[in-house]
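Welcome to a short briefing on the model below.

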Amino acid sequence: MSTLLQVKDLKVAYGGIHAVKGIDLEVKQGELVALIGANGAGKTTTLKTLMGMVKPAGGEILFDGQSTAKLAPHEYVKNGLVMVPEGRGIFSRLTVEENLQMGAYSRNDKAEILHDMERVYHLFPRLKERHKQLAGTLSGGEQQMVAIGRAMLSRPKLLLLDEPSMGLAPIIVQKIFEIIKMIAAEGVTMLLVEQNAKLALQTADRGYVMESGKVTFSDSADALLANEKVQQAYLGE
Ligand code: ATP
């Protein structure tokens, strides 16, 4: 498997606050990698830095073998680096279908877009039923589906998911994670940030644990699930 994302000694600071203190991380083609850790560990900051929304204070990010340091904001999605943000960021006054179409704004392959739209409706039949509904009137779980579906419409090479379980009832969380597995099975590479460490590791191939801006463990998801220290600190066992 080739390496799609390689992060070397990444450091991020907000003024005097060192949110990320030199982390190494990689995601290989086709992998589903989980990034877990407590509140404030630096997970969201890491994702935002990968998307160019926050400038690093040091280190290197290579995506598909190229440094992302000089990418303009609009070039990220075009290059296949796509994020589903925490809180989803959907357009509440647009319909479900219009939201999904927004994901394809940088594409002009109409037939392929239609094909991808059908693929998203296949993954999320609920969205098909509600394609004319205003997104702001959907339930939280449905809004999360729109956010993931919209990201899929931009044909990501790497999909960054920030806290997809946030604010959702357990049964809906299960559903969202089933869909994440289906998307992974289609070959989409993903980096998943989650507070729900157990579910994230049960879903992922590999995982990283972050603590106060540093990576404290990195291993296969099964090994992390079996690791006593990880169990005690993050899995409530
Ligand atoms: P959470 O799950 O709560 O989002 P996290 O692991 O994603 O946690 P971050 O949001 O990355 O953590 O935050 C890491 C640290 O950086 C925290 O101490 C936080 O207070 C700080 N931080 C985050 N964003 C900013 C900001 N815009 N300005 C200043 N400090 C920030």
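A residue is called buried under 20% relative accessible area, exposed over 50% and partly exposed in between, using a 1.4 Å probe and protein chains only. By that rule K229 is exposed, because its relative accessible area is 60%. The model is predicted, so local features need pLDDT of at least 70 and side-chain atom pairs count only at pLDDT 80 or more, while totals for chains, interfaces and linings use all residues. Residues are numbered from 1 along each chain as its sequence is written, and side-chain values use heavy atoms, with hydrogens and water left out.

**K229**

- K229 sits in helix 10, residues 228-234 (helices are DSSP runs of H or I with at least four residues, strands are runs of E with at least two, and both are numbered from the N terminus).
- From K229 to Q144 the C-alpha distance is 32 Å, and the two are 85 residues apart in sequence.

**Around the ligand**

- The ligand is surrounded by 13 residues, and the closest are N39, G40, K43, T44 and T45 (near means a heavy atom within 4 Å).
- Helix 1, residues 43-50, gives the most to this shell, with three residues.
- By class the shell holds four nonpolar, six polar and three charged residues (Ala, Val, Leu, Ile, Met, Phe, Trp, Tyr, Cys and Pro count as nonpolar, Asp, Glu, Lys and Arg as charged, and the others, Gly among them, as polar).
- A polar side-chain atom of T45 is 2.5 Å from a ligand oxygen, and a polar backbone atom of A41 is 3.0 Å from an oxygen of the ligand.
- For E163, a side-chain N or O atom lies 3.4 Å from a ligand oxygen.
- The protein buries 63% of the 630 Å² that the ligand exposes when taken alone (areas come from the Shrake-Rupley method with a 1.4 Å probe).

**Pockets**

- On a 1 Å grid over the protein atoms alone, a pocket is an open set of points with protein on both sides within 12 Å along at least five of seven lines, and lining residues have an atom within 4 Å of a point.
- The largest pocket has a volume of about 320 Å³, where volume is the space filled by probe spheres set on the points.
- Its lining has 16 residues, with V77, V82, M83, Y105 and R150 nearest the centre of the largest pocket.
- The lining of the largest pocket has 12 nonpolar, two polar and two charged residues.
- The second largest pocket has a volume of about 160 Å³.
- Of its 13 lining residues, G40, A41, G42, K43 and T44 are the closest to the centre of the second largest pocket.

Note on methods:
Polar contact = N/O pair within 3.5 Å; in protein donor to acceptor, adjacent residues only side chain to side chain. 1 Å grid on protein atoms, 1.4 Å probe; cavity = no way out; pocket = protein on both sides within 12 Å on 5 of 7 lines; lining within 4 Å.
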